[in-house]
Amino acid sequence: MAAQLPECRTAADVAAKLQQDQHLSFSVTTVKRVLRQHGLQHLSPVARPMLTDSHKLARVKFAKAVLRRDKTSKRRWLNTDGKIFHLHKMGRPLRRWCSPGARGTVPRPKHSIAAHVYMGICYWGVTKLMFVTGTHKQVSKFVNPKSKRLYAGVGSSEYSEVLSQMFVPEGNRLFQQAGQWADKWQLQQDNAKPHKTATNMAYIAENVPGGHFLTWPACSPDMSPIENMWAWMEGKLHKEYQPKNVEELKDSLEQIRQSIPASMLHNMFDGFQARMQRVVDLDGSRPFLSMAKGIVALQKLREQAATLKKYHPDWSFNKIGKKIGCRHSFVSRWVRRDQACEPLHDQSRSGRPPKADAAAQEHIVMAAQLPECRTAADVAAKLQQDQHLSFSVTTVKRVLRQHGLQHLSPVARPMLTDSHKLARVKFAKAVLRRDKTSKRRWLNTDGKIFHLHKMGRPLRRWCSPGARGTVPRPKHSIAAHVYMGICYWGVTKLMFVTGTHKQVSKFVNPKSKRLYAGVGSSEYSEVLSQMFVPEGNRLFQQAGQWADKWQLQQDNAKPHKTATNMAYIAENVPGGHFLTWPACSPDMSPIENMWAWMEGKLHKEYQPKNVEELKDSLEQIRQSIPASMLHNMFDGFQARMQRVVDLDGEYINM
C-alpha cells in the first residue's frame, strides 16, 4: 500500500515511510523483493503533451462532431501528415535481455541523416510518398519573405506543391479505384502553419470534392490514425531494414509503404468511432492507462480501484472507472469488498510443476545472449528451431527473470568517429602528463537549459505494468538558460542569458540582420567579462592558491571560440585557456555531472510554478552544492582520463 502513495517513488522512500508511520524496519532489498513478488515494476509514466482546459474542450467538441456522423463516414476521409525518419534510430534503443550491469551502449550520430516525407492514408489504401525539405541534402527552393533566406523546413509554398502534386491526385485515384465517395471524399490535416494558410485552404476547398475535414484539435496526436501508422513504419524500418544512406532509406520506406496490409487500414478507420467515444468519456483527457501492451490483469485493476477510492474517498465509482478504464459496476464490487476487508486476490492454486528443468533453463539463458534474440519471442523461436524445445513466451520471460536478467535497452551515446577517439585519447594523455593537482587551478565552465517541467524521462515509481499512467508535458516548456563555472574551490554565480523565458537577445546577427535566437559571440563576451573572469579571480583569491595561474575551460561551441573571445581569455585569464576540448565528449567533463545533479534536485525537491521561481530554485541549489562533491569531481579527473586512454577513446561510464 505504501508504494501506491505519491511521495513513495523509490524502494528507499517506501522503507522510510514504513519506518516513520508503522515503525516497521525493512531493508531496501526486502522492499524491492516484496514489490516484485506482487507483480509491481519500477516504471516511469508515459510523458504526453500537456492538455489545458481549452485543449480538452476542443478535443471533446471534435469527438462529438465525429460521433454525430454516420459510422461509415470515416471511409471517405484521407488522413494526411508529414514525418521525419532518421537513418539511425533516434528514440530509445531496442531492448534485449541482459544483466543490469551489461546493458552496453549504442552509437548515435550528433546529426543524423534523415528523410522528411509526406503521406496520406484512407480506408481504401495509401498514397505515394513525397520527400520534401528536411530530407538529407534536399534544400528548399522557396524564399522566406520575412528573412529573405531559403526556408529551413517546409513552407506554405512547398506544401502547396504537396497538395497539388500528391494529396489531391492520389486522393482522387484511391477513391475512384474504390468506386465509393469519389465525389465526396475529404482531406484531413493538422494545424501546422504551412497547412493552414489562406492559399492552401482555398486550394483544398476548390479541388477536394468534400473539402476540408473538421478542424483538428491541438496537442492531439493520440486521436489521429496516421500517428499509429508512422509508429508501425518506424518500428519496421529499424527492425527489418538497415539502410546505410539516404537513398537506401528512401527505398526502404517505399517497400514498407507497399507492404502496409489493408486489414490494418480497415481496423484503424473502423475503430475511429470507438477512439472518439473514449475521448468523450474521459472529458478530453488522455487515458490514465495504456492498453497498448495487452489486457491489464484483473488483479491489478482491483488493487488500483481500491487504492484510488481509499485516497480519494470523494471520487465516485464512475470517475474511478474512467481513470482505470473499467465499468463503474466493476469498481463498486471490488471497492466494497476491500472496505469489508475481504481479499482482492484470487485463491492460490497448486498448478503444474515447472515445464523448464535446469538444462532447459540453461538453453534459454544462452539463447537470450545471441545478437538476433532481442525479445522473449525470438528466444522461444530460436529454441524451437535449433533445440526442438517448445516453450511459451511467458515461460521464457519467467526463466530469464529468475536468472537475474532484465529486458533493457542500451544507453544511446553520440557516435564517435576515429578522429573523435584520437582527439579524446590525445587530450587525456596531455592531462595525464601534468601534475595531479593541476586540475585544482582549472575553472570548468558551461551553459545549460533548465526546463520548468521535467523534459527527460519521468521519475519512476512502483506500479503494475498496465497502470504506469501518464504525466502531462507542455508542448513548449518555460525554460531558463544559465551559465555557470565550477572549480575545486567553489562555484561561480549564475548568469541567465538568451534562451531564458521572455529574455530576448539585444545583439543582432550580422548575417540575417535579425536578433540572435540564442547566445551569440557578443553575448558570450559579456558572460566572460561580467561573470567568468571576475568570479574566477574571486574564487582562486579566496582559496589563496593559483590566483596568478588559474585556467578557464570551455567547450567548442562557435560563440565560445571566436577570435575576439579567445583573445579576451588570453589577455584577462592569468593561465589562459585550457587544452582544446575534444568534440562529442560530455562524459569527460565534470560540470556535466553537476548539471545532472542540479536537474535531479530541481525536479525532486522543488516545484517551481513560473520562471522567477525556477531562477530562485536554481540559485538555492547552487548555494547548496557541497564542497566534498567538487573535491571528488576534480580529484577523480585523473582516473577519468586514464579510463579514456584504456578504452582507446570510447565512452566511459563515470
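Tutor: Asp222 counts as partly exposed, because its relative accessibility is 25%. Here buried means under 20% relative accessible area, exposed over 50%, and partly exposed in between (1.4 Å probe, protein chains only). The model is predicted: local features need pLDDT of at least 70, side-chain atom pairs count only at pLDDT 80 or more, and totals for chains, interfaces and linings use all residues. Residues are numbered from 1 along each chain as its sequence is written, and side-chain values use heavy atoms, with hydrogens and water left out.

Student: With which residue does Asp222 form a salt bridge?

Tutor: Side chains of opposite charge can pair when their charged atoms come close. The criterion is a side-chain nitrogen of Lys or Arg within 4 Å of a carboxyl oxygen of Asp or Glu. Asp222 pairs with Arg59, with 2.9 Å between the closest N and O atoms. This pair links distant parts of the chain, 163 residues apart: Arg59 is in helix 3 (residues 53-67), and Asp222 is in the loop between helix 5 (198-207) and helix 6 (225-240). Helices (H or I, at least four residues) and strands (E, at least two) are DSSP runs, numbered from the N terminus. Arg59 counts as buried because its relative accessibility is 0%.

Student: How many salt bridges are found in the whole structure?

Tutor: The search finds 19 salt bridges. One of them joins Asp635 and Arg440, at 3.3 Å from N to O. That pair also links distant parts of the chain, 195 residues apart, with Asp635 in helix 21 (residues 627-635) and Arg440 in the loop between helix 16 and strand 12 (442-451). Asp635 is partly exposed at 41% relative accessibility, and Arg440 is partly exposed at 25%.

Student: Where do Arg622 and Glu619 lie?

Tutor: An α-helix has 3.6 residues a turn, so residues three or four places apart point the same way. Arg622 and Glu619 are both in helix 20 (residues 611-623), three residues apart, or about one turn of the helix. Their salt bridge has its closest N and O atoms 2.8 Å apart. Arg622 is buried at 17% relative accessible area, whereas Glu619 is partly exposed at 25% relative accessibility. Elsewhere, salt bridges that share partners join Glu372, Lys382 and Asp386 into one network.

Student: How many aromatic pairs does the structure hold?

Tutor: A pair of aromatic rings is described by the distance of the centres and the angle of the planes. Rings of Phe, Tyr and Trp (its six-membered ring) pair if their centres lie within 6.5 Å; planes under 30 degrees apart count as stacked, over 60 as edge-to-face and the rest as tilted. The structure holds 21 such pairs. Tyr118 and Tyr159 have ring centres 5.6 Å apart and planes at 50 degrees, so this pair is tilted. Tyr118 lies in strand 6 (residues 114-122) and Tyr159 in helix 4, so the pair ties together parts 41 residues apart in sequence. Tyr118 and Tyr159 are both buried. Tyr488 and Trp489 form an edge-to-face pair, 4.8 Å centre to centre, with 75 degrees between the planes. Tyr488 is buried at 10% relative accessibility, while Trp489 is partly exposed at 26%. Ring pairs also link Phe62, Trp77, Trp216, Phe269 and Phe272 into a cluster.

Student: What is phi of Lys513 near?

Tutor: Most residues other than glycine have a negative phi, and most peptide bonds are trans. Lys513 has a positive phi, near 65 degrees. This residue lies in the loop between strand 17 (495-497) and helix 17 (521-543) and is exposed at 64% relative accessibility. Cys584 also has a positive phi, near 55 degrees. Cys584 is in the loop between helix 18 (563-572) and helix 19 (590-605) and is buried at 12% relative accessibility.

Student: Against which helix do the buried residues of helix 16 pack?

Tutor: They pack against helix 22 (637-646), where contact means heavy atoms within 4.5 Å. The buried residues of helix 16 include Arg424, Val425, Phe427 and Val431.
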